[in-house]
Amino acid sequence: MKQSRRKFIISTGLLGGTILTGGSNTNVFSKNISIIKKNSNMKLTFKPYTLELKHVFTLATSSRTTTPVVLTQIEYDGIIGYGEASMPPYLGESHETATKFLSKVDLSQFKDPFEMESILEYVDNVDKLNPAAKASVDIALHDLVGKLIGKPWFKIWGFDKDKTPYTSFTIGIDTNEVVKQKVKEAEEYKILKVKLGRETDKEMIETIRSVTGKQITVDVNQGWKDKFFALDMINWLKEKNVIYVEQPMPKEMVDEMAWLTERSPLPIFGDESVQRIPDVIKAHGVYSGINIKLMKCTGLREAYKMLTLAKSLGMKIMLGCMTETSCAISAASQLAPEVQWADLDGNLLIKNDPFVGTKVIDGKITLNENPGIGLSEVLPH
Ligand code: MG
């Protein structure tokens with residue numbers, strides 16, 4: 001019995017050589033140490049990569065056709081975990097900042113990837129901010145540990161894969177004719193997401209309504225500055241079969257937001273106002289729910305804690321993303337069975353995705369059984 005368990009431990013790399021050398025069993029085990037890889041420390045590597053978007057991405061103040069990301073790997077005992085940092089330029093991180101941050105991270109000091117809490121606490125303290133760069137280590141570590149255990153994270157957490165929601169699909173701001181075309185191309189998706197906060201808000205909604213009756217979600221990105229105007233808009237949007245509103249007003253307008261949420265006929269989610277765990281408590285009573293994004297909150301570990309906290313406070317939860325590859329999307333989707341709404345379309349908006357992972361099938365996030373974060377293929381890149 002003991003022997004078979006030891007064999008299992010060695011074959012799966014679950015135990016580092018140093019542990020075997022400790023205690024009174026040193027002599028008994030020393031003969032076998034050579035079986036275990038001489039250096040089983042974790043090794044972090046990373047590579048800048050640029051995502052090419054299928055369509056020009058237009059926000060209120062800027063347009064762009066690319067998104068910088070950094071792809072990370074953590075190798076341990078011949079197994080590789082994959083991670084990613086996605087860094088839309090307006091959020092302050094870049095190839096340069098992420099590379100600089102990751103250069104300072106030394107995982108070789110940890111013998112065992114299962115010490116996730118200690119490892120990720122260390123990573124969080126390497127420097128301030130840098131949430132996406134931190135997430136790239138967190139995701140790779142989760143992928144690695146899940147692979148060592150041999151299960152996907154939704155199973156390790158005990159979630160029901162059938163409970164995943166539909167994902168919304170973003171229809172970018174454009175001319176009326178192009179918007180109509182984009183809606184037709186999005187036939188597979190059951191929920192459309194629209195960016196508002198411009199002069200043309202009602203026109204944009206009416207244009208979509210002229211071609212489809214599908215549910216719509218709107219993201220105002222802090223664009224409305226007056227609470228009475230915001231309430232009028234939300235009442236109008238409800239009549240148009242809009243189902244929720246993201247960040248209608250600036251994050252600093254806390255009292256106005258609480259006023260609006262109290263009166264709104266639609267759920268209101270805080271996004272820009274909710275980055276990490278302490279923001280969940282601040283959002284309670286101000287928003288109906290929170291939008292959790294791995295790139296804001298430093299990865300899966302904190303996302304899981306935010307989810308648990310928000311749930312215990314009776315708040316609604318949605319999962320969001322940046323434009324990112326199937327690596328970060330597959331990671332986030334491991335949490336999907338526990339959220340009411342998902343906006344995980346970032347990988348669907350890019351042309352050069354180096355990963356195959358969680359798929360959207362008939363509009364629904366569909367988890368697979370691959371261990372770790374659920375990647376099934378890594379393409380040359
Ligand atoms: Mg948002």
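## Terms and model

A residue is called buried when its relative accessible area is under 20%, exposed when that value is over 50%, and partly exposed in between, using a 1.4 Å probe and protein chains only. Please keep in mind that this is a predicted model, in which local features need pLDDT of at least 70 and side-chain atom pairs count only at pLDDT 80 or more, while totals for chains, interfaces and linings use all residues. Residues are numbered from 1 along each chain as its sequence is written, and side-chain values use heavy atoms, with hydrogens and water left out.

## The chain as a whole

The chain has 381 residues, and 54% of them are buried. Its secondary structure consists of 15 helices and 15 strands; these are DSSP runs numbered from the N terminus, with helices (H or I) of at least four residues and strands (E) of at least two.

A contact here means heavy atoms within 4.5 Å. Among contacts with a separation of 6 or more, 68% join residues 24 or more positions apart. The exposed surface comes to about 17000 Å², with carbon and sulfur atoms supplying 52% of it; the areas come from the Shrake-Rupley method with a 1.4 Å probe, and for residues only the protein chains shown count as cover.

S1 and strand S2 (residues 63-76) share 12 bridges in the antiparallel sense, and Phe46 stands opposite Thr72 in S2.

Helix H4 buries His95, Ala98, Phe101 and Leu102. Seen down the axis of H4, these buried residues fall within an arc of 140°, so they line one face of the helix; the arc is that of the directions from the helix axis to the C-beta atoms. Glu96, Lys100 and Ser103 are exposed on the other side of H4. The cover over the buried residues of H4 includes S1, S2, H5 and H6.

In helix H5 (residues 116-124), the buried residues are Met116, Ile119, Leu120 and Val123. Their arc around the axis is only 90°, which puts them on the same side of H5. They pack against helix H4 (95-104), helix H6 (131-149), helix H7 (153-156) and helix H14 (300-312).

Helix H9 (residues 201-209) has Asp201, Met204, Ile205, Thr207, Ile208 and Arg209 buried. Among the elements covering them are strand S4 (168-171), helix H8 (176-185), strand S5 (191-195), S6 and helix H10 (227-239).

## The magnesium site

Asp219 (OD), Glu246 (OE) and Asp271 (OD) coordinate the magnesium ion at 2.1 to 2.2 Å. Donors are N, O and S atoms within 2.8 Å of the metal (3.2 Å for Na, K and Ca), and sites may look incomplete since water is not among the atoms. The donor residues follow the spacing D-x26-E-x24-D in sequence. Asp219 lies in strand S6 (residues 215-219) and Asp271 in the loop between strand S8 (268-270) and helix H12 (277-283), so the pair ties together parts that are 52 residues apart in sequence. Both Asp219 and Asp271 are buried.

## A buried loop residue

Asn347 is in the loop between strand S11 (341-342) and strand S12 (355-356). With a relative accessible area of 10%, Asn347 counts as buried. Beyond its neighbours within four places in sequence, Asn347 is in contact with Glu324, Thr325, Ser326, Ile329, Asp353 and Thr358.

Methods
Two strands pair if DSSP finds at least two bridges between them.
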